[in-house]
Amino acid sequence: MSGFFYTKKMKKILTNYINSFKGLSIEVWWLALITLINRAGTMVIPFLSLYLTKSLGFSLENIGSIMSAFGLGSLIGNWLGGKLTDIFGYYKVMFSSLLLTGICFITLQQLHTFWPICIGIFILMIIADSFRPAAFVALSAYSKPENKTRSVTLIRLAINLGFSAGPAIGGFIIATLGYGKLFWIDGSTCIIAGLLLIVALNPKKAKVVYNIYNDSPTSAYKDYYYLTFIAVLVLLAFTFVQYFSTIPIYYSEVYALNESQIGLILACNGFIIFALEMPLIKYLENKKSYKITYVLIGLILLTLSFLVLNSIHWAGILVIGMLLMTFGEMIAFPFSNAIAMDRAKKGKQGEYMALYSMAFSIAHIFGHNTGMQSIATFGYTTTWYIITFIGILGILLLWFLIQKKEITTR
């Protein structure tokens, strides 16, 4: 009898999970598939530092400079993508970005010395990340207002799946075919994603369900409340990126975990997001609360994930910290993205979505290096308190925006 009720309960959970994906337009699904192919195709990126050291023999200082060029190119690419989207429209920018990124990846393997690689990586990231603001504007056009947050969540799932599959496929290609073939396959997947864009989202075929036209659009750079919101996102992302640089080192040096154990803890993040994010977002959307309130809750959880690390020296606290971060990420990121798309209605959509993406590029440029320098100077305990303080600063800024009631879309 207990088996019957267990089966019935599992069937209900599965049905609710499937239902959380319903109502999204076919164009959003196509955009998610294109994003999945594109992100799974960026197989070179996780192995870039290894390629630069093992194949080209660069020093760590050289690699640091190249990664700075990577981050700066990403920042400029997001800004330029927003500008071009407002001028030419999201479709042309997305297609051009995918096609030219593919060509750049194939060309990159021909560069072997420091400055050409710096310039090549810089140009590659400008072109590649110009895709992001255009994709966000497209997502807004293909989504009904009531489905906007779940549409963002679907794209996030595609990105997470792509980033999970990409390194595994990339590692296999390197082991069997070498780095040269990796660049060719990486470039080819970007071109394939561009061709799929032509087939599935051609303006003559794709159905725009929610188009925005504004005779006198406001510049995002004059929307001071939105700029404050972007500052919050920079602080949020600054804390978040530590989980991909300083936190794994903390696991290794302080708790003596090996790569396999660290991988399992990090894998919890991806698994929970895949299993729970869409149902969670659908549940929260039905609550009809203000989106910015959920961003606040997410940032609080993310901040607590660092504070608890200093509370006790116990390996289990690492899992608790990862769970707090994961739920904070799941709540804060989709709703913050939806807020940006809602805010873009009043102005230049490309500018608004570019600023949203640029917030994360800024965090990548400064967050990893600052975290490393802080650990080297002050140690882990003080660094986690500093990160906690940064999170609290973001919480206070969000509370200020909530009190002003300027960014209060439901």
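**Helix packing, buried residues and salt bridges**

In this predicted model, the axes of helix H6 (residues 114-129) and helix H7 (residues 131-142) approach within 5 Å and cross at roughly 5 degrees. Axes here are lines fitted to C-alpha atoms, for helices over the stretch in contact, with angles from 0 to 180 degrees between N-to-C directions. Helices (H or I, at least four residues) are DSSP runs numbered from the N terminus. H6 and H7 are therefore roughly parallel to each other, a label for angles under 35 degrees. On the H6 side the contact is made by Ile 127, Ala 128 and Asp 129, and on the H7 side by Phe 131, Arg 132 and Pro 133; contact means heavy atoms within 4.5 Å. By class, four of these residues are nonpolar, none polar and two charged. In this scheme Ala, Val, Leu, Ile, Met, Phe, Trp, Tyr, Cys and Pro count as nonpolar, Asp, Glu, Lys and Arg as charged, and the others, Gly among them, as polar.

Residues are numbered from 1 along each chain as its sequence is written. Local features need pLDDT of at least 70 and side-chain atom pairs count only at pLDDT 80 or more, while totals for chains, interfaces and linings use all residues; side-chain values use heavy atoms, with hydrogens and water left out.

Leaving aside neighbours within four places in sequence, its contacts are Asp 129, Arg 132, Pro 133, Ala 354, Ser 357, Met 358 and Ser 361. Asn 78 has 0% relative accessibility and so counts as buried; buried means under 20% relative accessible area, exposed over 50%, and partly exposed in between (1.4 Å probe, protein chains only). The Asn 78 side chain also reaches the backbone oxygen of Ser 74 at 2.9 Å.

Where does Ala 220 lie? Ala 220 is in the loop between helix H9 (179-201) and helix H10 (224-240), and is buried, with a relative accessible area of 0%. Beyond its neighbours within four places in sequence, Ala 220 is in contact with Leu 227, Glu 351, Tyr 352 and Leu 355. The C-alpha atoms of Ala 220 and Glu 351 are 5.9 Å apart, although 131 residues separate them along the chain.

Glu 351 leads on to the salt bridges. The structure holds eight of them, each a side-chain nitrogen of Lys or Arg within 4 Å of a carboxyl oxygen of Asp or Glu. Lys 83 pairs with Glu 351, the closest N and O atoms being 3.0 Å apart. Lys 83 lies in helix H4 and Glu 351 in helix H15 (residues 349-378), so the pair ties together parts that are 268 residues apart in sequence. Lys 83 is partly exposed at 28% relative accessibility, whereas Glu 351 is buried at 3%.

Arg 150 and Glu 285 also meet in a salt bridge, at 3.5 Å from N to O. Arg 150 lies in helix H8 (residues 148-176) and Glu 285 in helix H12 (residues 259-286), so this pair joins parts 135 residues apart in sequence. Arg 150 is buried at 5% relative accessibility, and Glu 285 is buried at 16%.

Asp 342 and Lys 291 form another salt bridge, with closest N and O atoms 3.4 Å apart. Asp 342 belongs to helix H14 (residues 316-343) and Lys 291 to helix H13 (residues 291-307), so parts 51 residues apart in sequence are tied together. Asp 342 is buried at 11% relative accessibility, as is Lys 291 at 6%. Lys 148, Lys 291 and Asp 342 are linked in a network of salt bridges.

Note on methods:
Helix = DSSP H or I, 4+ residues; strand = E, 2+ residues; numbered from the N terminus. Parallel < 35°, antiparallel > 145°, perpendicular 65-115°, else oblique. Polar contact = N/O pair within 3.5 Å; in protein donor to acceptor, adjacent residues only side chain to side chain.
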